[in-house]
Amino acid sequence: MELAIQEQRKLFKFAAWLRLRYDLRADRDSFVWRIATGSLIVFGSLSMYTAVMGMPTGLGAVIDTILFLLANVLAIGVSAFIVSILLSIVYVPVPRRFTAVLLYVGIETYMILYFAELGILMSIALAALYAIIGALLGVMLGLLLRWRTKPRYKWMTGISLPIIIALIVTLAGWPNPASMPQREETAIEAVSPVHADNPALPGTYGFSSFSYGSGADKHRDLFGEDVDWMTKSVDASGYVTKWSNLKTRFWGFDEHKLPINGRVWMPEGEGPFPLVLIVHGNHLMEQFSDGGYAYLGELLASRGMIAISVDENFLNYSVWSGIPNNDMKVRAWMLLKHLQQIKTFNESMDNPFTHKVDMDKISLIGHSRGGQAVAMAADADRWFKEDKSLTDLEDIQIRSVVAIAPTDKQVDDKSARLKDVNYLTLQGARDGDVNSFYGDRQYSRTSFTGDFDGFKASLYIADANHSQFNTAWGIMDERLPGGMFLNRQGMLEGDEQRDIAKLYISAFLEATLHGENQYTEMFRDYRTALDWLPDSTYVNRYESSNFTEITRYEGSSVKTTISGGGKASAEGMTEWEVTNAKDRDGKNKGTKAVSLEWEEPGAIYELELPKRVTEQMASETTSSSLIFSLANLERDLLADEAVEEEETEADDEANDEIDTEIEAEAEVEELSELPPLPELEIVLTSSDGQIFELPLSEIMPVSPPTYTAFMTLPWLEKRMKDEKYKQSNEPVFQTFIVPLDAFETPNESIEELEITKISFAFVDGPGKVMLDDIGIMPTQS
């Protein structure tokens, strides 16, 4: 009995102690610490807000914000209650509520940054810094409020402090975008502008806009109750085998009933008009993407083309429901289903499409994953030959494909190979999503045969990013919070970037669908359109269907021979080899080229022409041009040295994180002293021994490489998103078209001579370049 009483007393004593610790849980949270706790709650709410903006539910931004912030405040309260009691129980002598909220905000921010793929160490460091700043600001505010002085002095101090902090941050340049080596601006050689009207300006056609769709869309009236023309759904279950129930709840349908929805801009007039389908890429599913190309649709319709923005938002990624499997294949398949629907409309009576569509003149435009999907749709038999639901598409003709910052992933271990299809790709060097120039691969996989009259082209834009080609995608290439760390210094404005898209896409379609060949000059040489282009650095690539190959380096890695019996040789080179061009990730860009590196002036690379080429040149009745593509790789010379120094100094891998910023700054400082741009002369040798020289700068100077600082914080370049942004540049080929009649001859036209050798003479050094796609082409093509 006495033992039971003792146990009961111990229990009462423990309960009393526990109650005391509970009562004392906030005894150290003085006024200043309570203000600091409130500051942390504000900072924690800001963290949650940025996360909410990056993971929409589809209920709307306002509802998402209210729901998540309320849940976050509730979680902070519960955490502060529980952790403060635990800290009191173990006698931790700190302001316990404040400490509990500090830990919560730090952990919450860490989780948000970690899932934004900043990496563990960077997420910990930034989260800790963020929480400490929130706490310090709160402490400063608390001290200010407790300061026993006149109110006006408090107000003056409260206003002055943030101004002083802002000045310090500004003067210190933090956060400081990673600086990259820049050259002094060089004058761009004047060339004759395109002799045509600006293709980015509206044309002469009036147009109307309307929609077709399922009529049952839960989120957009234009595809729901306000749809103008009804369409039947299609069954994609033969391709999609993983479809989330959450997607079905959001959309109201599953993979068995995918809708055929489209926004249409229709020119006024009898027609028939060329048809242009535009398809978006993989943006967040709840932030609808198809409306973001109205600027293109309206322009093309005003120029006599039927433009349709295709809705494939249901195939996009969602934080809550993921992404369907085989989405890339289904994106292409859905485009073919839209073509089927348009064909049905065109052959039916009493609808806006009736006999208005020229099914022999079709173009597909795609952005991001849509840029890959349009190439796949134009090469449909590679994936859909056995699909009997597509058998009525044999008589349509896809003439042109435009890929805006496209992806290029293999689907079923296959890639699209376009044959006798015009191709254009646009890419921004500041693209933080598709950060390598994957459109270059499809460019290399586009070929021409027979009597096809067309061309392929690319435009690389130094200051363009990914999202601003779509008005609905905002300015950031990563969803929040990761997008906050992307560097926007010096980037083109959204309207400027879309002006480039309008200019080049409209000109491309005018040339390939309407036969307005005067616009081809823009693709041969971007300088002919400089009066219409915003200020940036551009690199363009071009090849027409009447290109005669000297060598592409694809068939063999033997550097001394070229196809058709020609030979190659080099003098003064420290290295020359046939190798794959690599993208930012070190992966094959889809083309081989000859890599030439030299230290001293006077290095020469020479090609002895195959007989078939000399005969082709001799038989030409029109003037010809030498054409080749060159990528300037001068950075590699310095980067290799930097890597060697790093390897000798990095004895202890554990110190890598500590030395990261120092190493990054050292590399930038070293790269800031760049060697001169290569000065190159083209030398032709005739069969009778005559030699003709032409400085390449008289045609077009070699461009410097384009460097990109992706992040505002330099040390994130090699840390964020599994080192996605670690490479500041990649080989980008510029096409040079050198008219043979530009070579001065004393007595006779060079066209009348038999040219047997072409030499590339580098008159200064050091340098490193890649050469590819060397051939002959009619001067006007």
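Author: The account below begins with a sheet and then turns to helices and their surroundings. The model is predicted, so local features need pLDDT of at least 70, side-chain atom pairs count only at pLDDT 80 or more, and totals for chains, interfaces and linings use all residues. Residues are numbered from 1 along each chain as its sequence is written, and side-chain values use heavy atoms, with hydrogens and water left out.

Five strands form an open sheet in the order β14-β17-β22-β19-β20, and their pairing is antiparallel. At its edges lie β14 (567-571) and β20 (691-695), each of which pairs on one side only. Neighbouring strands of the sheet are turned by 15° against each other on average, direction ignored. Here strands (E, at least two residues) and helices (H or I, at least four) are DSSP runs numbered from the N terminus, and two strands pair if DSSP finds at least two bridges between them. The axes are lines fitted to C-alpha atoms, for helices over the stretch in contact, with angles running from 0 to 180 degrees between N-to-C directions. In general, strands of a sheet pair through backbone hydrogen bonds, either parallel or antiparallel.

Within this sheet, strand β17 (residues 603-608) is joined by six bridges to strand β22 (residues 755-762), and the two run antiparallel. I604 stands opposite A761 in β22.

Another element to consider is helix α12 (residues 439-444), which contains D440. D440 has a relative accessible area of 2% and therefore counts as buried; buried means under 20% relative accessible area, exposed over 50%, and partly exposed in between (1.4 Å probe, protein chains only). Leaving aside residues up to four places away in sequence, D440 touches R541, K589 and F733, where contact means heavy atoms within 4.5 Å. The C-alpha atoms of D440 and V732 are separated by 8.5 Å, although these residues are 292 apart along the chain.

Helix α10 (residues 369-378) is likewise mostly covered, with nine of its 10 residues buried. Among them are R369, G370, G371 and Q372.

Helix α4 carries Y114. Y114 is partly exposed because its relative accessibility is 37%.
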